[in-house]
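Please keep the sequence and the structure in view while reading.

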Amino acid sequence: MPDILAVKQALLQLDKHAGDNWHLFEPLLQPMECSNGSFLTQAGRVSSAIYFISTGIVRVFTLHQDKEVCLDFAFPGQFSTAYASFITQHPSIVSLQAITPVNGFAFYYKDLQELYSKSHEAERTGRLLAEYQYLRKYRRELAFLQFTARERYIQLLEEYPQVVQQIPVKYIASYLGIEPESLSRIRKGLI
């Protein structure tokens, strides 16, 4: 069973007042478990939940010209969702897939909307979670403009050394915007 207190800690990092309204969020948490290869959200379907990843790795990807393009990863201690679909409740253009076995919790859209309508404090925490997701995306986009693929790979290794080795090379290469052969050359150059 995933650790529910890890969710509380993650929310406290987003909003120092989240502890004051934890009693409102805790009942909404639904434990979830996905096997390797399972989808949390599939393109073409509406994203109904925000996931907190306790263990495992999730990749966020889309299809572009019949090729999978990895947009992001979610690692332990992070939240993940197909945010545009979650907010609009329209079909997603991205998929979230477990690339290792994943355990964690889900906050469902309907439950969160009901909570937000009753509590401005909880709504603030939700807004801060949305801002967190936006900043992650913004930083990733800037990294493509500011850093080489080699530098982005080194940064990924520094931030998540224990889990990067569990990700297939083709997904890391796609995430970096390069071909697997280029990633192999980068790796050899780091040895």
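Buried is used here for a relative accessible area under 20%, exposed for over 50%, and partly exposed for values in between, computed with a 1.4 Å probe and protein chains only. Helices (H or I, at least four residues) and strands (E, at least two) are DSSP runs, numbered from the N terminus. Five of the seven residues of strand 4 are buried, so this strand is largely enclosed by the rest of the structure.

The model is a predicted one, in which local features need pLDDT of at least 70 and side-chain atom pairs count only at pLDDT 80 or more, while totals for chains, interfaces and linings use all residues. Residues are numbered from 1 along each chain as its sequence is written, and side-chain values use heavy atoms, with hydrogens and water left out.

Strands of a sheet pair through backbone hydrogen bonds, either parallel or antiparallel. Two strands are taken as paired if DSSP finds at least two bridges between them. An open sheet of four strands has the order 2-7-4-5, with antiparallel pairing. Its edges are strand 2 (39-41) and strand 5 (67-74), each of which pairs on one side only, and from one strand to the next the twist averages 35°.

Strand 4 (residues 58-64) pairs with strand 5 in the antiparallel sense over seven bridges. Within this pairing, Thr62 has Val69 of strand 5 as its bridge partner, and Val60 has Asp72 of strand 5. Strand 4 is also joined to strand 7 by four bridges, the two running antiparallel, and here Val58 stands opposite Ala98 in strand 7.

The hairpin of strand 4 and strand 5 has two residues between the strands, and Gln65 takes a positive phi near 50° there. Gln65 counts as exposed at 71% relative accessibility. Gln89, which is not a glycine either, has a positive phi of about 60°; Gln89 lies in the loop between helix 3 and strand 7 and counts as partly exposed at 28% relative accessibility.

Strand 3 (residues 49-55) and strand 8 (residues 102-108) pair in the antiparallel sense over six bridges, with Ile53 standing opposite Gly104 in strand 8.

Contact means heavy atoms within 4.5 Å, and axes are lines fitted to C-alpha atoms, for helices over the stretch in contact, with angles running from 0 to 180 degrees between N-to-C directions. Helix 8 (residues 169-176) lies across strand 4, strand 5 and strand 7 (95-98), and runs at about 90° to strand 5.

Ser85 lies in helix 3 (residues 83-88) and is buried, with a relative accessible area of 4%. Not counting residues up to four places away in sequence, Ser85 touches Arg45, Val46, Ser47, His90, Pro91 and Ser92.

**Salt bridges**

Side chains of opposite charge can pair when their charged atoms come close. A salt bridge is counted when a side-chain nitrogen of Lys or Arg lies within 4 Å of a carboxyl oxygen of Asp or Glu. A search of the whole structure finds seven salt bridges, among them those in the table.

| Salt bridge | N to O distance |
|---|---|
| Asp72 and Arg136 | 3.2 Å |
| Arg127 and Glu131 | 2.7 Å |
| Lys137 and Glu141 | 2.7 Å |

The pair of Asp72 in strand 5 and Arg136 in helix 5 links distant parts of the chain, 64 residues apart. Arg127 and Glu131 are separated by about one helical turn because they are four residues apart in helix 5. Arg127 is partly exposed, with a relative accessible area of 43%, and Glu131 is partly exposed at 34%. Lys137 and Glu141 both lie in helix 5, four residues apart, about one turn of the helix; Lys137 counts as exposed at 54% relative accessibility, whereas Glu141 counts as partly exposed at 42%.
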